[in-house]
Amino acid sequence: MTPYYDSLTEQYLSECTQLKRSYNTYSFYRLLLALAILVCLYLVVVSGQWMYLPVFAVLFILFVGCVKKHSAILRKKKLTENLATINREEARFLAFRETPFDAGTRYADSAHFYTYDLDIFGKDSLFQHLNRTATYIGEVKLAESLQAPFAQEEVLHRQEAIRELSARTEWRQGFAARGRLMKDSETGYQKLLDWSESRENAVGKAATFLAFLLPALWIAVMAACLLGWISWKWILPLVTANLALTGTQLSKIKGERIDARNVAETIGHYGVLLKEIEKEPFSSVHLKRMQEVLQQKSAGNELSRLSRLFLKLEGINFGLGALVLNGTLVYHVHVLNSLLRWKRAHAGDLRRWLEILGETEALNSYANFAFNNPAYAWPVLTSAMEIEFEDMGHPLIPESLRVNNRVVLRPDNFMILTGSNMSGKSTFLRAIGVNRVLAGAGAPVCAGTARIHLLPLLVSMRQSDSLSSGESYFFAEVKRLKAIMDQLERQPCLVLLDEILRGTNSDDKQAGTIGVIRKIISRPVPGAIATHDLSVCRLADEYPDRLENKNFEVEMINGELAFDYKLRDGVCRNKSATFLMKKMGII
């Protein structure tokens, strides 16, 4: 994939060079036309040479067209620069594992049943490897999809949607490039939702009537003055009345403002992105359903209109301009009424529209992941309570370093996993967990084939003590185990445990571990537990129909430790700790 992204990067950089030339050319044309307009204006107004008025009009029209073309080239240039950056980042990510994407550290939660233990969030996490979102709600939707599995039918719809988007590389990248044109934030997003859910500051019927009557009177009086029918002194009372009417609605105008020009511009970008979703000919059920919701009320156009209304309302702060517009046309009262009509018609839809935008960004992130890993398997969802992977590995380990294994987990073969330090036990358990998380989100998994029952996932691999709460490491782990047991009382789950009860003495740890295993296998629960205590493995003799021993072995070759990270049957035989400590001169 790296050559593919390198090729696209070169293509877009070449386009950027051409667009820069065009941009500079139109900048020169704008300057020439502006100078020509000033000369004509001088000839018409100062010198009184009215014959140049048509020339002035033509030049002005050409200048407006030039400005629009100049702005369009600038937008396309920025978009193309973003496309070049996107492809450069993907190439470097695949080649060097560079991750310039947000790590989602804010979503890390040590109390969650698996995200903290499996490195779902944080530096070099699954989230960071997946994340290609540009909006706040897109990031939230991606995070939510990793925190709990969807229902089986929805997972199947998500798989279909991700497959479709994976094949639409140009559309995905164009959508992401447009997303990067905006500066979105949680603050702006929340301000918009708060505005949509706030009480309406309605303009009274009398004020609305006067907002049409007074400007009409002003226009009539202005025309009469120009025709010489009446004195210009009648203008001032009408201007004063218009400003007074605007003043009576000033608190309502300020109450409807979001108080941030950037937020209004961001809404405009939301509209652009929603239009992209609306017009794309999708075929998958999930994407079409979301698209239909947007198309029912032309959500993209409506958000673009809302952006323009907010920008117009923001003009109340523009001193002299605001005085002129409101003194003649009661402009901002009309803008306020338009904004309130929009609010009545669409405020109830706004949250859903933005959630669709976020969901599309999250699906695009998974589609990018699928495109970058074409050999990954799309899991077959099964009703049988089992998890089966052929050639399974950890998706965050580069392919050149990854060692894959066959894994079968059922209620009748709960796995006791042994192996020396650094042999790969923890990575193996995390690989099972991370792939189950991907499957639950509708994404492909790092395996040759996969059959998965979407059981809730319970993990205890990395507990921490808390000085602030006075909670020890051991107590934190015991609390996690209690929570796991409580969950198993309610429903079957997939359980992954790694060297539990490390905070106590060896006898206590052994007894506790055996007790936990006995409790778990008293229910139909698939899963695995890693342990260094070989005596725990004897439980498989006591429960041959419920437990099985697996191991990762280490060998000493030419005086060096050698790990092959291959899963084997039985209990591990070799040890590495003493050998390594002797080799390093510790003992």
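**Exercise 1. Is Asp 117 buried or exposed, and which residue forms a salt bridge with Asp 117?**

Step 1. The partner is Arg 480, with the closest N and O atoms 3.2 Å apart. A salt bridge here is a side-chain nitrogen of Lys or Arg within 4 Å of a carboxyl oxygen of Asp or Glu.

Step 2. Asp 117 sits in the loop between helix 2 and helix 3, and Arg 480 in helix 17 (residues 473-490), so the pair ties together parts that are 363 residues apart in sequence. Helices (H or I, at least four residues) and strands (E, at least two) are DSSP runs numbered from the N terminus.

Step 3. Arg 480 is buried too, at 5% relative accessibility.

A word on the model: it is predicted, so local features need pLDDT of at least 70 and side-chain atom pairs pLDDT 80 or more, while totals for chains, interfaces and linings use all residues. Residues are numbered from 1 along each chain as its sequence is written, and side-chain values use heavy atoms, leaving out hydrogens and water.

**Exercise 2. Which parts does the salt bridge between Glu 90 and Arg 132 tie together?**

Step 1. Start with the contact: the closest N and O atoms of Glu 90 and Arg 132 are 2.4 Å apart.

Step 2. Now place the residues: Glu 90 belongs to helix 2 (residues 53-96) and Arg 132 to the loop between helix 3 (126-130) and helix 4 (136-147), so parts 42 residues apart in sequence are tied together.

Step 3. Glu 90 and Arg 132 are both buried.

**Exercise 3. How do helix 8 and helix 15 pack?**

Step 1. Two packed helices are described by the angle between their axes and the distance between the axes.

Step 2. For helix 8 (residues 205-226) and helix 15 (residues 331-372), the angle is about 140 degrees and the axes are 10 Å apart. Axes are lines fitted to C-alpha atoms over the stretch in contact, and angles run from 0 to 180 degrees between N-to-C directions.

Step 3. Helix 8 is therefore oblique to helix 15; angles under 35 degrees count as roughly parallel, over 145 as roughly antiparallel, 65 to 115 as roughly perpendicular and the rest as oblique.

Methods. Buried means under 20% relative accessible area, exposed over 50%, partly exposed in between (1.4 Å probe, protein chains only).
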